[in-house]
Amino acid sequence: MAIANSELILNADGSIYHLNLLPDHISDTIITVGDPDRVAQVSRHFDSIETEISKREFVTHVGYYRGKRLTVVSTGIGTDNLDIVLNELDALVNIDFVTRQPLPIEEHIKLRIIRIGTSGTMQPDIPVGSHLVSEHAIGLESLMQFYPLVETGAEVEFATAVQQAVGLDYRPYCVLGSDLLREQLGVGMISGNTVTCPGFYGPQGRSLRLALRYPDLLERLRSVQYSNAEGTFRLTNFEMETAGYYALGRMLGHEVVSLNAIVANRATGEFAERPDQVVNDLIAKTLERL
Ligand SMILES: O=P(O)(O)O[C@H]1O[C@H](CO)[C@@H](O)[C@H]1O
Ligand SMILES: O=c1cc[nH]c(=O)[nH]1
């Protein structure tokens with residue numbers, strides 16, 4: 001059955017509702033960034049840019065880097081935005097916009113989606129300025145209350161350990177990212193387990209004028225040590241999208257990795273003197289490795 005106009009929403013030019021993109025704009029490797037201005041920081045490395053499109057916070061550049069066609073998209077902040085971006089990117093390659101039908105499963109296209117974002121660490125030994133590849137992501141936000149995400153036994157145990165350490169009323173979700181992309185792109189980076197939060201302040205234990213429900217959130221998160229046959233895992237960093245990427249990526253069948261430029265150390269109180277430099281180095285390193 002065709003997907004109704006109210007569900008798969010196309011603009012007058014046939015482009016998808018929020019991203020404003022046509023299927024032709026999508027390469028099989030997609031770099032995603034939070035900040036719309038960061039799209040140009042990526043595409044300025046390109047040999048040529050074929051398309052620039054924007055709508056709301058979703059800016060897209062399509063171009064060539066060393067002969068490879070790449071799409072760079074900004075997502076804005078938060079997993080609510082990720083819900084839009086990943087569903088629409090997937091629709092662009094896995095739904096026929098003329099018949100409005102999903103492609104048969106054997107024709108599904110698997111995208112490689114690489115997040116390049118900023119992040120803060122809660123661990124004193126992770127220096128500001130370092131680059132961190134997210135192995136697991138722990139979602140403290142509620143996006144997965146609305147999807148039937150299947151987690152492994154180990155993921156459920158890791159998430160339960162976080163729930164108990166913090167004293168949360170609900171169990172967060174936990175998802176392992178793409179082994180393939182972590183191995184290809186994360187060489188030499190710190191490998192970590194990322195906490196995806198539904199906010200920058202209270203949900204990351206920051207207090208400016210408001211009191212916090214968990215004033216010792218950092219200590220509680222630092223106390224998590226989850227061990228299984230694969231090893232011992234600790235939490236390393238905070239940001240606001242990775243768990244949404246990993247969960248939606250798994251359910252939609254795409255390879256997804258989150259690469260983090262560590263700009264804040266919450267244990268030492270430091271913030272990077274030149275955060276743009278940390279991000280630019282991560283962009284250059286990632287492009288080299290594609
Ligand atoms: O730098 P980006 O990719 O936006 O990522 C991080 O920075 C934003 C908060 O400042 C959140 O989106 C967080 O995930
Ligand atoms: O501390 C930080 C830094 C960047 N992004 C976050 O979400 N948290």
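Predicted model: local features only at pLDDT ≥ 70, side-chain atom pairs only at ≥ 80, totals over all residues.
Residues are numbered from 1 along each chain as its sequence is written, and chains are lettered from A and ligands numbered from 1 in the order in which they are written.

The protein chain contains seven helices and 15 strands; helices (H or I, at least four residues) and strands (E, at least two) are DSSP runs, numbered from the N terminus. Its C-alpha trace spans about 50 × 40 × 40 Å along the principal axes. The radius of gyration of the protein chain is 19 Å, which agrees with the value near 19 Å for a compact globule of 290 residues; this radius is taken over C-alpha atoms, and the globule rule is 2.2 Å times the number of residues to the power 0.38. Of the 290 residues, 42% count as buried. A residue is buried if 20 or more other C-beta atoms lie within 10 Å of its own, exposed if 12 or fewer, and partly exposed in between, with C-beta atoms placed from the backbone. Among contacts between residues at least 6 apart in sequence, 75% join residues at least 24 apart; two residues are in contact if their C-beta atoms, placed from the backbone, lie within 7 Å.

The protein chain is divided into domain 1 (1-109) and domain 2 (118-290), with bounds that come from an automatic or database domain assignment. The C-alpha centres of domain 1 and domain 2 lie 24 Å apart. Contacts join 17 residues of domain 1 to 18 residues of domain 2. On the side of domain 1 that touches domain 2, α1 (38-43) and α2 (79-94) each supply at least two residues, and α2 gives the most, with five residues. This side of domain 1 comprises five nonpolar, eight polar and four charged residues. In this classification, Ala, Val, Leu, Ile, Met, Phe, Trp, Tyr, Cys and Pro count as nonpolar, Asp, Glu, Lys and Arg as charged, and the others, Gly among them, as polar.

Ligand 1 lies between the domains, because domain 1 and domain 2 both give residues to the shell around it. The shell around ligand 1 consists of V33, G34, D35, I77, G117, T118, F200, E239, M240 and E241; a residue is near a molecule or strand if its C-beta atom, placed from the backbone, lies within 6 Å of it. By class, four residues of the shell around ligand 1 are nonpolar, three are polar and three are charged.

Around ligand 2 are T118, S119, G120, F200, Q204, F238, E239, M240, V263 and A264. Strands β7 (112-121), β13 (237-239) and β14 (255-265) each contribute at least two residues to the shell around ligand 2, and β7 has the largest share, three residues. The shell around ligand 2 has five nonpolar, four polar and one charged residues.

Strands pair if DSSP finds at least two bridges between them. Strand β1 (residues 29-33) pairs with β4 in the parallel sense over four bridges, and T32 has V73 in β4 as its bridge partner. Strand β3 (residues 58-65) runs antiparallel to β4 and is joined to β4 by six bridges; here T60 is paired with V73. Strands β3 and β4 form a hairpin with two residues between them, and R66 in the turn has a positive phi of about 45°.

Strand β10 (residues 190-196) is also mostly covered, with five of its seven residues buried. Seven bridges link β10 to strand β8 (residues 131-139) in the parallel sense, with H136 bridged to N193 in β10. Strands β10 and β13 run parallel and are joined by three bridges; V195 stands opposite F238 in β13. F238 is also one of the residues around ligand 2.

Helix α6 (residues 242-252) is mostly covered, with eight of its 11 residues buried. The buried residues are T242, A243, G244, Y245, Y246, A247, L248 and G249. G253 follows α6 and has a positive phi, near 85°.
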